[in-house]
Amino acid sequence: MPYRKGQHVEYRDHQDEIQRGEIRQSEGSGAQTRYAVQNEMTMREEKITENQIEREL
């Protein structure tokens, strides 16, 4: 499922912990899509893949 810039999502970070954030940018297509997500708690931008996204909020 493709996500778009501005959507709020719940995702697993690189330590496999659930985080929330807003998609700032997407790159690529299909299962290879990578997203830049701004974490709501830390306000840092993280690079994640589509399979790290758990659900849309």
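**Reading the strands around S3**

Modeller: Strand S3 is joined to strand S4 (residues 45–49) by five bridges, and the two run antiparallel. This is a predicted model, in which local features need pLDDT of at least 70, side-chain atom pairs count only at pLDDT 80 or more, and totals for chains, interfaces and linings use all residues. Residues are numbered from 1 along each chain as its sequence is written, and side-chain values use heavy atoms, with hydrogens and water left out.

Colleague: What counts as a strand, and when do two strands pair?

Modeller: A strand is a DSSP run of E with at least two residues, numbered from the N terminus. Two strands pair if DSSP finds at least two bridges between them. Here Ala36 has Lys47 in S4 as its bridge partner.

Colleague: What lies between S3 and S4?

Modeller: Five residues separate them in a hairpin, and Met43 in the turn has a positive phi of about 65 degrees.

Colleague: How many bridges join strand S2 to S3?

Modeller: Six, with S2 (residues 18–27) antiparallel to S3. Ser26 stands opposite Tyr35 in S3. This hairpin has six residues between its strands, and Gly28 in the turn has a positive phi of about 95 degrees.

Colleague: Why is S3 largely enclosed by the rest of the structure?

Modeller: Buried means under 20% relative accessible area (1.4 Å probe, protein chains only), exposed over 50%, and partly exposed in between. S3 (residues 34–39) is largely enclosed because five of its six residues are buried.

Colleague: Where is Glu10, and is Glu10 buried or exposed?

Modeller: Glu10 belongs to strand S1 (residues 8–12) and is buried, at a relative accessible area of 12%. Leaving out residues up to four places away in sequence, Glu10 touches residues including Ile18, Arg20 and Leu57; contact means heavy atoms within 4.5 Å.

Note on methods: Helices (H or I, at least four residues) and strands (E, at least two) are DSSP runs, numbered from the N terminus.
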